[in-house]
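I opened the file to look up a few things and wrote down what I found. The entries follow the order in which I went through them.

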Amino acid sequence: MKKHHITAAIFLFLALGAAVVAGSSFLSMRKAEPIVRGPGVTEITMLSSWFPGLKGTAGDTEVYILKSKRVSEDKAQAGASMLILGGTHPNEPSGFMSAVLLIENAQMNTGTLYVIPRANNSAFTHNDPQEGSPQHYTIKTASGSRSFRYGSRATNPIHQWPDPDVYIHDSSGQSLSGNETRNLNRGYPGRPDGTLTEKICYGITELIKKEKVTITVDLHEASPEYPVNMAMVAHPKAMGLASETVIGLEMQDILIRLEPSPVNLRGLTHRELGDFTDTLPILMETPNASQGRLRGRTNEALVLTGIDPWYVKAQKLGRLYVPYDEKGHPLEERVGRHLAGIAELAFSWTLNNTDRPLEFTGLPSFAELQASGIGAWLKPVD
Amino acid sequence: MLMTFIYLTILAAVLGLSVWCLITSKKPSLQATAAMVVVPLLLRLFLIN
């Protein structure tokens with residue numbers, strides 16, 4: 001055997017080894033971490049129950065249903081319903097974690113809660129290229145650590161490709177950058193014969209229509225330098241409810257802005273779900289440094305604590321739209337904001353609709369979550 | 001589906017050429033370069049990443 005054949009064999013072996021190691025790591029991202037069925041969960045089904053076109057695809061995802069006993073016993077006492085979308089963008093972890101805490105802790109007194117923790121299931125299976133994002137983040141609980149996926153903003157290109165040069169939103173004709181074709185929050189109300197992302201949007205729209213969902217809450221995070229942050233974005237018909245909710249939150253010393261859903265920004269939940277269904281759509285944003293452009297080292301610690309010296313510097317230079325200091329914005333605070341918003345939305349709704357109440361218990365308050373941490377509210381995995 | 005098949009066929013051909021380059025090249029630096037090219041091509045061929 002010639003010398004260069006020996007070196008070729010060595011390099012080929014090394015390449016195969018690297019491919020196996022990298023492949024195992026990437027494949028591990030397709031394994032969904034367990035979510036414990038909480039005491040209030042009455043049914044777990046799949047989104048394909050409302051749109052069979054998703055069955056067997058990477059876009060099909062779990063829907064957790066929490067119904068009060070009154071719904072089962074007396075339809076007239078059914079109360080209102082709320083749909084929570086966590087994980088529309090899996091690189092915005094407070095939305096997903098809020099959905100997990102709801103599933104594992106909430107119990108309905110009246111009404112029905114639908115929770116989709118991984119709204120874009122495919123986007124949980126990869127990271128955004130060139131971002132250096134961690135694949136997972138770990139939260140300590142009394143019964144050990146639990147690890148959760150940190151995913152991408154968009155559907156995995158393995159599941160949906162190629163991206164067009166220009167993405168044209170179907171129902172409005174609005175033009176966007178080609179990669180936005182894989183952004184779940186640009187595809188509503190969706191199409192049954194569209195791309196995978198549009199099919200997921202269509203499935204969620206069908207759920208809202210068929211179940212007559214009263215309120216839809218889409219949980220997000222934004223870079224601290226993004227203007228719409230620490231905010232609630234509401235469709236015009238949900239503005240009354242959102243206004244009362246914002247006042248309620250501010251009375252708890254939780255500062256939050258109220259933003260109207262822009263008429264010319266199409267494909268988003270807070271616009272299209274309000275235009276195409278009877279639900280009251282609201283989107284909430286919390287500040288997440290790990291997805292920002294000004295961040296330094298991107299790792300699990302940044303995801304969990306939000307502590308980043310570059311953002312402190314940017315705040316001092318007046319470049320941010322949210323307060324930012326050495327304490328950062330930890331995940332507890334961001335999840336606490338989302339959960340407080342959801343609880344206040346239900347409270348405001350019930351105050352004005354006593355014949356169709358929406359009441360639940362079991363969730364930690366904002367202060368409790370800051371004091372005890374998220375781990376205290378995560379159930380042990382069997 | 002047809003487009004995916006064509007894409008993967010082209011990919012397999014490029015992968016084959018890269019491996020061929022790795023085996024026949026006499027310069028270790030070129031062999032190392034070819035080996036590095038092989039890794040992402042393999043991951044994409046098996047639709048892993």
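Entry 1, chain B. I noted that the model is a predicted one. I counted two helices and zero strands in chain B. Its C-alpha trace spans about 40 × 20 × 10 Å along the principal axes. I then checked burial and found that 18% of the 49 residues of chain B count as buried.

Entry 2, chain A against chain B. I looked up the contacts and got 15 residues of chain A touching 15 residues of chain B. On the chain A side, these residues divide into 11 nonpolar, four polar and no charged.

I asked which residues have the most contacts inside the largest nonpolar core. That core has 86 residues, and the list is Met82(A), Ile84(A), Leu113(A), Val115(A), Val217(A), Met232(A) and Ile282(A). Helix α9 of chain A, residues 331-352, gives the most to this core, with nine residues. Apart from it I found another core of nine residues, including Ala8(A) from chain A and Ala34(B), Ala35(B) and Val39(B) from chain B.

I took Val217(A) from the list and looked up its contacts, leaving aside neighbours within four places in sequence. They are Met82(A), Ile84(A), Leu85(A), Ile282(A), Met284(A), Ile342(A) and Leu345(A).

Entry 4, strand β11 of chain A. This strand covers residues 231-234. Ala231(A) and Val233(A) point one way, Met232(A) and Ala234(A) the other, and all are buried. I checked its partners next. With β12(A), residues 257-260, the strand runs parallel over four bridges, and Val233(A) stands opposite Glu259(A). With β13(A), residues 280-287, β11(A) pairs in the antiparallel sense, also over four bridges; here Ala234(A) stands opposite Ile282(A). I also recorded that β11(A), helix α5 (residues 239-251) and β12(A) make a right-handed β-α-β unit.

Is Gln160(A) buried or exposed? It counts as buried because it has 20 C-beta neighbours inside 10 Å, and the cut-off for buried is 20 or more. Not counting residues up to four places away in sequence, Gln160(A) touches Thr155(A), Arg182(A), Thr195(A), Leu196(A) and Thr197(A). I also looked up Lys199(A), which lies 39 residues from Gln160(A) along the chain; their C-alpha atoms are separated by 11 Å.

Technical notes: Residues numbered from 1 in each chain as written. Chains lettered and ligands numbered in written order. Predicted model: local features only at pLDDT ≥ 70, side-chain atom pairs only at ≥ 80, totals over all residues. Buried ≥ 20, exposed ≤ 12 C-beta atoms within 10 Å, placed from the backbone. Core = buried A, V, L, I, M, F, W, Y, C linked by C-beta atoms within 7 Å. Contact = placed C-beta atoms within 7 Å. Pairing = 2+ DSSP bridges. Right-handed = clockwise from strand over helix to strand, strands pointing away. Nonpolar A, V, L, I, M, F, W, Y, C, P; charged D, E, K, R; others polar.
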